[in-house]
Structures are given as C-alpha cells and as structure tokens.
Amino acid sequence: MSDHGKVALVTGAGQGIGRAIALRLAKDGFAVAVVDFNAETAKKVAEEINKTDGRAIALLADVSDRDQVFAAVEAAKNQLGGFDVIVNNAGIAPTTLIEDITPEIVDRVYNINVKGVIWGIQAAIKAFKSLNHGGKIINACSQAGHVGNPELAIYSSSKFAVRGLTQTAARDLAPLGITVNAYCPGIVKTPMWEEIDHQVSKAAGKPDGYGTAEFAKSITLKRLSEPEDVAGCVSYLAGPDSDYMTGQSLLIDGGMVFN
Ligand SMILES: NC(=O)C1=CN([C@@H]2O[C@H](COP(=O)(O)OP(=O)(O)OC[C@H]3O[C@@H](n4cnc5c(N)ncnc54)[C@H](O)[C@@H]3O)[C@@H](O)[C@H]2O)C=CC1
Ligand SMILES: CC(=O)C(C)=O
C-alpha cells in the first residue's frame with residue numbers, strides 16, 4: 001500500500017492488460033478510475049476492486065474522443081479527490097496486410113492508439129496543473145513499437161508514434177514535474193492477442209495457434225506473458241521507485257527485442 005491516497009486512471013481497463021493494471025494499482029493503494037468504452041466490463045472491474053480492499057469507480061469514455069477523455073479525467077479527479085497517474089492503455093490491433101490498408105482502418109487505429117494517447121496526456125496535464133503538482137503519465141507501447149511486426153503495419157507504426165510521443169512529452173513536461181514513460185509488452189494472453197493469432201493463422205491457411213507459434217519463436221524466455229507480468233512493470237512506473245526515469249519505453253517482452 002505504498003501509494004495510499006493517490007489516484008490513478010487507466011483507460012481500456014475493462015479487460016486484458018488494462019484490467020490487470022487497474023487491479024494491481026488498487027493493490028498498490030491507488031484509488032482507481034476504470035475507464036473503457038465498454039460500460040459493462042468497466043463496471044465489473046471496478047466492482048471487483050471495491051469488493052476487495054480497494055477503491056474504484058467505473059467511467060465510460062471512448063479515448064478517440066478528446067472531450068470524453070477530458071471529462072473522464074475531470075470526473076476521476078472530482079470523485080476520487082485527486083489525480084496523480086494516467087495510464088493510456090486502450091488500443092486496438094487489427095491485422096493489416098500492406099496492400100489491403102484502407103483510409104478507414106488507418107483512421108480507426110490512429111484515432112485510438114495515437115490520438116487517444118495525446119488526449120490522455122493533455123487531460124492529465126490539465127488535472128496536474130489544477131492541483132499544483134506534477135504526476136506520472138504512462139503510455140501503452142509494444143515491442144511492435146521497437147521493430148516492425150509482420151502483418152501489423154498500421155498497428156506497429158501507431159506504436160512507434162507512441163514511443164516518439166513519450167520521448168517528446170518527457171522533455172516538454174519535465175519542468176512541470178511530470179514524468180512520461182511507456183511499457184512495451186510482447187505477446188500477452190488477452191482477447192487482443194487471440195484475435196491477432198486468429199487473423200494471422202487464417203491468412204496463412206493454418207489453424208488457430210499458428211500465428212502465436214510463429215511470433216513466439218523469438219521469445220527468449222520461451223513463454224507468452226500474462227497481463228500480470230505487464231501490470232508489475234506499470235506498478236513500478238506508477239510508483240516512487242521510478243521517480244528518476246522519464247522518456248523511456250520499457251520492453252517487457254520476454255526478450256523478443258533487444259535495444
Ligand atoms: N495483448 C498483447 O499481446 C499486447 C498488447 N499491447 C497493448 O496493450 C494495450 C492493451 O491491450 P490488450 O489488453 O491486449 O487489449 P484488449 O483488446 O484485450 O483490451 C483492450 C481494452 O480497451 C478497450 N478499448 C478499446 N478501444 C477503446 C476506446 N476507443 N476507448 C476506450 N476503451 C477502448 C476495450 O474495450 C478493451 O476493454 C493496447 O494498447 C495494446 O496495443 C502491447 C503489446 C502486446
Ligand atoms: C500486439 C502486440 O503489440 C504485439 C504482438 O507486440
């Protein structure tokens with residue numbers, strides 16, 4: 001309970017990695033705003049936290065909509081009594097073969113994965129400034145933001161953008177006492193990964209599981225990761241032990257990519 005009394009907001013927290021992060025930050029002592037565009041799953045995760053020792057509220061927001069992100073941060077600040085950490089976790093990952101990419105798919109992925117992070121950064125700055133203190137901004141990147149991933153051109157490029165945003169925001173926001181870092185998972189067992197495996201396997205004319213086996217060949221630690229592996233890294237980035245770190249995009253991918 002090292003961060004008792006602090007407030008964190010996690011987007012895309014209704015399932016998968018975001019859910020694990022919300023549960024972990026609650027365990028660390030944060031009051032947590034569980035944000036998702038799926039009201040039902042967000043409510044379930046908040047209830048899960050409140051049933052144990054934690055404190056959480058569920059908020060509905062589509063991160064691609066700037067006004068909704070600002071409203072969610074404001075609601076978290078008012079209802080939970082502060083604002084210290086934002087985790088811009090929400091993202092989507094449709095497979096995109098280069099020749100089939102359409103303007104619609106580019107807009108959909110960039111509106112959520114890139115603009116959603118920008119709106120989250122801006123909304124957090126506004127909240128930190130109104131409270132006269134700094135804070136921590138944590139963005140979802142990926143190993144796919146370090147190396148181009150096959151069949152994921154638009155997704156991979158969106159995560160390269162998140163890495164760039166993280167570095168620039170770190171430089172711009174340091175004078176305000178705000179640190180900005182990102183986490184870069186490899187293959188995490190979530191509904192997102194299940195769908196990628198299905199699409200990649202189907203495109204290769206193989207049964208489900210083929211895509212996972214292909215990607216997994218490059219995992220040094222020889223296992224896929226659990227959402228909790230990622231949540232542990234985010235717990236560190238949200239807590240005081242990472243105070244002297246900014247602009248970093250931490251690989252937590254079992255050794256798929258080496259810097
Ligand atoms: N699963 C994986 O292997 C990896 C995931 N990541 C990143 O981690 C983050 C979380 O991924 P997963 O948990 O696997 O995904 P997921 O698809 O299992 O869960 C994503 C959650 O975000 C929500 N969401 C999606 N679009 C939203 C929007 N516009 N506004 C609000 N909420 C929205 C969904 O409703 C869902 O609850 C993403 O940014 C993803 O790119 C990075 C590397 C690997
Ligand atoms: C989905 C993703 O970000 C991967 C495989 O790194």
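**Two ligands and their surroundings**

In this predicted model, the shell around ligand 1 draws on both parts of the chain: domain 1 (7-186 + 228-251) and domain 2 (187-224) each supply at least three residues. In total, 28 residues surround ligand 1, and the closest of them are Ile-17, Asp-36, Asn-89, Tyr-155 and Thr-190. By residue class, this shell holds 16 nonpolar, nine polar and three charged residues.

Thr-190, one of the closest residues, has a side-chain N or O atom 2.5 Å from an oxygen atom of ligand 1. Ile-17 is also listed among the closest, and here the backbone takes part, with an N or O atom 2.8 Å from a ligand 1 oxygen. Gln-15 contributes through its side chain, where a polar atom lies 2.9 Å from an oxygen atom of ligand 1. On its own, ligand 1 has 830 Å² of accessible area, and the protein covers 94% of it. The space that ligand 1 takes up is the largest pocket.

Attention now turns to ligand 2. Around ligand 2 are Ser-142, Gln-143, Asn-149, Tyr-155, Pro-185, Gly-186, Trp-193 and Ile-196. The shell of ligand 2 divides into four nonpolar and four polar residues, with no charged residue, whereas three charged residues belong to the shell of ligand 1.

The side chain of Tyr-155 places a polar atom 2.6 Å from a ligand 2 oxygen, and a side-chain N or O atom of Ser-142 lies 2.7 Å from an oxygen atom of ligand 2. From the backbone, an N or O atom of Gly-186 is 3.2 Å from an oxygen atom of ligand 2. Taken alone, ligand 2 exposes 220 Å², of which the protein buries 95%. As with ligand 1, the space taken by ligand 2 is the largest pocket.

Technical notes
Residues are numbered from 1 along each chain as its sequence is written. Chains are lettered from A and ligands numbered from 1 in the order in which they are written. This is a predicted model: local features need pLDDT of at least 70, side-chain atom pairs count only at pLDDT 80 or more; totals for chains, interfaces and linings use all residues. Side-chain values use heavy atoms; hydrogens and water are left out. A residue is near a molecule or strand if one of its heavy atoms lies within 4 Å of it. A polar contact is a pair of N or O atoms within 3.5 Å; within protein, one must be able to donate a hydrogen and the other to accept it, and residues adjacent in sequence count only if both atoms are side-chain atoms. Accessible areas come from the Shrake-Rupley method with a 1.4 Å probe; for residues, only the protein chains shown count as cover. On a 1 Å grid over the protein atoms alone, a cavity is a set of points where a 1.4 Å probe fits but cannot get out, and a pocket is an open set with protein on both sides within 12 Å along at least five of seven lines; lining residues have an atom within 4 Å of a point. A molecule sits in a cavity or pocket if more than half of its atoms lie within 2 Å of its grid points. Ala, Val, Leu, Ile, Met, Phe, Trp, Tyr, Cys and Pro count as nonpolar, Asp, Glu, Lys and Arg as charged, and the others, Gly among them, as polar. Domain bounds come from an automatic or database domain assignment.
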